[in-house]
Amino acid sequence: MTAQEPGAVVTAAAVTKMYPMPGGPVHALRGVTLTVERGTFLSIAGPSGCGKSTLLHLLGGVDRPTTGEVSLLGRSTSALGESALARTRLRHVGFVFQRFFLLPMLTAEENIALPMLEAGARTDEPRARVRSLLERVGLVDRARHRPGQLSGGELQRVAIARALANRPALLLADEPTGELDEATGREIGELLRDLSRDGLAVVLVTHNQELAALATRQLRMRDGVVTS
Amino acid sequence: MGPIAFLATRTLARSAARSLLVVLGLSVTGALLLDMTMLAGGLEASLGAIMTRLGFAVRVVPHGTLPFEGDAEIVDGDHLAAAIAAQPGVAAAVPILGTNVYVRRGPSRFPSFALGVPGGTPGMYAVFEGSDLPAARPGDPPVVINRTMAQLDGVKLGDTLVLSGVPGPYLQTFAALQPVHVIGIADFYFDLSGQRSLAIPTPFLRRLRDARDGSASVILVRMTQPRGAEALARWIAARDPRVDAFSIPGFLARAGRRLTYFNQFSLVLGTISVAVSFLLITTIVTLSVGERLGEIAMLRALGFSRARIGTLVLAEGIVLAAAALPGAFILGVAIAGYLDGILRSAPGVPQGLHFFTLTAGAVTRTALLLLGTGALGGVYPAMMAARQGIAATLHREVLS
């Protein structure tokens, strides 16, 4: 455990990330410090390659900082072993990706139930939870549809429902509207905002200024540094 | 069904045609594997089944031979049989003489294998028409003939045959002739294909063969407590070094040593079939993993650990192998039946023996080998899937 502000879901303290490359190391993050509390809707904007997604991955524990520390619910991700970190992601973090990454051979409800089953939920529990999540994202009538039968907006709603399956404390969305039209993108942004109002900490990485403006707290990044 | 098996099954169903082709391929290699497993222990299993059915727990033969192998004899077989019969746990010790004789029936002459048995010796043949040899009978000695002699030579119950130890009318002028009376027709358990056989009371066969009184080719021992067979075999061998005594497992071990080429043959072809199955599974699962690196990175991000992802990919290999099992068994049994027919039609093969024997052991070994190959085939792609970095893969997928 590390010291963490009360109400903080995730903190980054002087985090750097460096990738060794044949032509010399690439510094993706240069000393980022950040705290995300419950109920926060934080957007991170900035040009391509500025380190937004890298920061998101570090906050979600899918990668570890080169230096500095990321604490997720009070526990340093660098101190956790691979499977403990995976377990933390499974139970406390939800991910939404630009490309949805729904499994095409599963129905919408099966995709949503997957994290619950992996977390060891019993048969009846996921069924009720999936139903409630489908209601939350407005897709009850699409429960038995496979990804190939859904529109882009519906796919992203299913992905959001999947991210919420294990009642995470933190939802990380990496360009969730990147493959959606403007109206659908706005609907997704509003859904994320509503989720943060329900107490979830939401971090949104986006190029879209209009979407970023929906957030209660906005950050801009450039060259691996938070500029505002 | 846990999420791993569920996902593995659904993943394979996703590319149904490709998975079906792989399963068909694995069914073929699995069939070959089953056949080789059946062949590896088939003769021993078949022989063991027959021997167990016959009910003799111990067999005593001249040292260094197998029953009816050549003309070797146990010189004082009757005495040894009596000594064995006196041992505790022994129900009966039956000396049997085996030799070739020549049969004359009217103008026709033909060779036959003859068993000299005490009257009423169950276990060497099964009478299906007429009756078995009685303990004693006045007049021409009775014989039981085999089905082949009845069919090929038209010998019937009540017919009289003349037996001789030598072939041809000129030699027979100087040799003993023995008229016999056919009282039964039977299936002899160890007849070769097309072989004529007959059973006759031992004294008459000794006389025909000019053999010493008390000589025997083999002594068959029936026990009330078959568990004591090994100890009895040791006692017999220690008592008379001119003989070898075998319990059924001991006998099968000696017979097995003479059949090692079957084991070597099955080992080579079985190994090839395992190797082909392994390559097939590794190739297809590696291809499949390569196509869904983004999905795998997503599963890792969602909270599937490296070990779970590795298990998922291994499970895909195992599911492919498991799906091939029914086809492998059906095809394997069909091919084994065909090959067994070919091998059994070769000269010198006893009729009751099978080269390919479907046993629970063969089925279990094949299933475990195929499933193990499935798991092994998944190792490389599992490592590939588990080792990939989540962030880097997600980044690549977005850019692609």
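This is a predicted model: local features need pLDDT of at least 70, side-chain atom pairs count only at pLDDT 80 or more; totals for chains, interfaces and linings use all residues.
Let me begin with helix H10 of chain B, residues 293-302, where eight of the 10 residues are buried, so that the helix is largely enclosed by the rest of the structure. The buried residues of H10(B) are Glu295(B), Ile296(B), Ala297(B), Met298(B), Leu299(B), Arg300(B), Ala301(B) and Leu302(B), and if you follow the chain just past the end of H10(B), you come to Gly303(B), which takes a positive phi of about 130°.

Staying with chain B, let me turn to its domains. The domain assignment divides chain B into domain 1, given as 3-50 + 259-399, and domain 2, given as 64-241. How far apart do the C-alpha centres of these two domains of chain B lie? The answer is 50 Å, and where the domains do meet, nine residues of domain 1 of chain B are in contact with five residues of domain 2 of chain B. On the domain 1 side of that contact, the residues by class are four nonpolar, four polar and one charged.

Next comes the contact between the chains, in which 24 residues of chain A are in contact with 21 residues of chain B. Which helices of chain A each supply at least two residues of the side that touches chain B? They are helix H1 (52-59), helix H2 (82-92) and helix H3 (108-118), and the largest share, six residues, comes from H2(A). When the residues on this side of chain A are sorted by class, they divide into 13 nonpolar, five polar and six charged.

Finally, I would like to look at a pair of helices within chain A. Two packed helices are described by the angle between their axes and the distance between the axes. For helix H5 (residues 152-163) and helix H6 (residues 182-197) of chain A, the angle is about 15° and the axes are 10 Å apart. Because angles under 35 degrees count as roughly parallel, H5(A) is described as roughly parallel to H6(A), and H5(A) passes H6(A) in a right-handed crossing. The residues that meet are Gly152(A), Gly153(A), Gln156(A) and Ile160(A) from H5(A), and Thr184(A), Glu187(A), Ile188(A) and Leu191(A) from H6(A). By class, this contact of H5(A) with H6(A) has three nonpolar, four polar and one charged residues.

Note on methods: Residues are numbered from 1 along each chain as its sequence is written. Chains are lettered from A and ligands numbered from 1 in the order in which they are written. Two residues are in contact if their C-beta atoms, placed from the backbone, lie within 7 Å. Helices (H or I, at least four residues) and strands (E, at least two) are DSSP runs, numbered from the N terminus. Ala, Val, Leu, Ile, Met, Phe, Trp, Tyr, Cys and Pro count as nonpolar, Asp, Glu, Lys and Arg as charged, and the others, Gly among them, as polar. A residue is buried if 20 or more other C-beta atoms lie within 10 Å of its own, exposed if 12 or fewer, and partly exposed in between; C-beta atoms are placed from the backbone. Domain bounds come from an automatic or database domain assignment. Axes are lines fitted to C-alpha atoms, for helices over the stretch in contact, and angles run from 0 to 180 degrees between N-to-C directions. Angles under 35 degrees count as roughly parallel, over 145 as roughly antiparallel, 65 to 115 as roughly perpendicular and the rest as oblique. A crossing is left-handed if the near helix is turned anticlockwise from the far one by less than a right angle, and right-handed if clockwise.
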